[in-house]
Amino acid sequence: MDHQRTPLFSALKQHAAAGPVQFHIPGHKKGLGTDTEFREFIGDNALAIDLINIAPLDDLHQPTGVIEEAQQLAADAFGADYTFFSIQGTSGAIMTMVMSVCSPGDKIIVPRNVHKSVMSAIIFAGAKPVFVSPAQDENLGIDHGITTSSVRRALERHPDAKAVLVINPTYFGVCAHLQEIVELAHSFHVPVLVDEAHGVHIHFHEGLPMSAMEAGADLAATSVHKLGGSMTQSSVLNLNARNGYINPQRVQTIISMLTTTSTSYVLLASLDAARRNLALHGHEMIEETLVLAHDLRSKINEIPGLYSFGREILGGEATFDLDPTKVTIHVRHLGITGYETENWLREHYRIEVELSDMYNILCIITPGDTKESVDILLAALRELSETYYKENNANELVVKIPEIPHLSLIPRDAFYADTEVIPFKESAGRIIAEFIYVYPPGIPILLPGEVISQSHIDYIVDHVEVGLPVKGPEDRYINQVKVIVEANPIF
């Protein structure tokens, strides 16, 4: 296919250049009706293509024209049979994946460290999650992915599962053996869904881990906006129809149900253009990015008190491959937390990192980075080390990840049950009716339907007290929590 083409983006530019007289929404009408300061900042070009699904511009809900062409080009670029554009972010694509294969009461095998959008979809579908524990890295204090052997045990115990969901790569760039997991699941006649939110670029360079479509997975929700150059909230859902497990028409129906009818053509155009850039220049751009990331990692490891892991951590079932553009910096030996490091970098260098946790910060290197931006980060880290590093001053690494809670109710039943609000610190033994998670990365600690234990209370309180972003409950300070009034537990 001709990847020089951008069918949707080109049609939008041509339509705007023709100077149409608009008697349709949006009401700002090419920016004339919007706030003056905002218009001057955002620019007339962006406002001119902020349009709706009129006939010349196709309709995302039932594409037959330029959007369909743009999606076909994207499918070719990603090695998929079908690609669906999402302007509800990867969260919308993930929810579509789950709801396309799960009906009420169906089981789905998922890692316990899934993004909250997976659990939202499980609630909407009325499905029952079968949790698999991710492998824990006791040297770094982070989770990796799930292993082939753990998926095998789950499938043997639950051969009636409707799907296996895998995170590939993880937020920290680590991959399990995805192709092996796909082959295993398919041997049980179970499709594989991949949360590929942090892996849009891996398909375009042989030095990166295998992508979901290359590995033979059936569906993959992929954030183009995170690392592929499109605008925030724009993603794709890639479908491999060759295995016969997924009905493309069903996927189109579900994604349409979850998508606004006021679709953003600015976001859609950015997907079309980002696909062109990745298809034509992705390898070259990623090659330069890998050089930058390698140089950054090696120089970080020369700074006293800091450590950025590389391929030396590979070799286990959950650590099969690595995306080196994710630069995790372990700060425990400085005697400070990752959260304190994030704040220090912001206050002293105006540097914003992707996330922080108790022991690490994560910096993502993309084609948008330069040697100059990397040098600023290195200068900041050197000063950070000079400020905090002292011999034998490391914080004790205590991986206090609590055990997976007992799921006493299907999450949907818990979410819609009769509830009451009680003090969180007195909630041990009760069934929670809301989410509690750390964002970023959005991984739930407690889910609707799970039994709260004292270890979960202690773990969450510890995170809140050091300032980590614990979110989810209606009480933003997590002094109160919503629990089930009465329930018949599932055993």
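Q: Which residue in β9 is the bridge partner of D195?
A: A221 is that partner. This is a predicted model, where local features need pLDDT of at least 70, side-chain atom pairs count only at pLDDT 80 or more, and totals for chains, interfaces and linings use all residues. Residues are numbered from 1 along each chain as its sequence is written, and side-chain values use heavy atoms, with hydrogens and water left out.

Q: What makes β8 and β9 a pair?
A: Two strands pair if DSSP finds at least two bridges between them. β8 and strand β9 (residues 219-222) have four bridges, in the parallel sense. The names come from DSSP: helices are H or I runs of at least four residues, strands are E runs of at least two, and numbering starts at the N terminus.

Q: Which strand also pairs with β8, through V166 and V194?
A: Strand β6 (residues 164-167) does, in the parallel sense and over four bridges. V166 has V194 in β8 as its bridge partner.

Q: Why is β8 called mostly covered?
A: Buried means under 20% relative accessible area, exposed over 50%, and partly exposed in between (1.4 Å probe, protein chains only). In β8 (residues 192-196), five of its five residues are buried. V192, V194 and E196 point one way, L193 and D195 the other way, and all are buried.

Q: Why is T366 called buried?
A: Its relative accessibility is 18%. That falls under the 20% limit, so T366 counts as buried. T366 sits in the loop between β14 (360-364) and α13 (371-388).

Q: What makes L227 and T289 contacts of T366?
A: Contact means heavy atoms within 4.5 Å. Leaving aside neighbours within four places in sequence, T366 touches L227 and T289.

Q: What does the side chain of T366 have 2.9 Å from one of its polar atoms?
A: The backbone nitrogen of G368 lies there. A polar contact is a pair of N or O atoms within 3.5 Å; within protein, one must be able to donate a hydrogen and the other to accept it, and residues adjacent in sequence count only if both atoms are side-chain atoms. The 2.9 Å separation is within that distance limit.

Q: Why are H189 and R350 called exposed?
A: H189 has 62% relative accessibility, and R350 has a relative accessible area of 76%. Both values are over 50%, so both residues count as exposed. H189 lies in the loop between α8 (178-187) and β8. R350 lies in the loop between α12 (338-349) and β13 (355-356).

Q: Why do C175 and C102 count as buried?
A: C175 has a relative accessible area of 1%, and C102 has 5%. Both are under 20%, so both are buried.

Q: What makes β17 and β18 edge strands?
A: Three strands form an open sheet in the order β17-β16-β18, with antiparallel pairing. β17 (443-446) and β18 (470-471) each pair on one side only. Strand β16 (residues 436-438) pairs with β17 over three bridges. I436 stands opposite L446 in β17.

Q: Which residues bring α1 and α4 together?
A: P7, L8 and A11 in α1 meet V66, I67, E69, A70 and L73 in α4. By class, that contact has seven nonpolar, no polar and one charged residues. Ala, Val, Leu, Ile, Met, Phe, Trp, Tyr, Cys and Pro count as nonpolar, Asp, Glu, Lys and Arg as charged, and the others, Gly among them, as polar.
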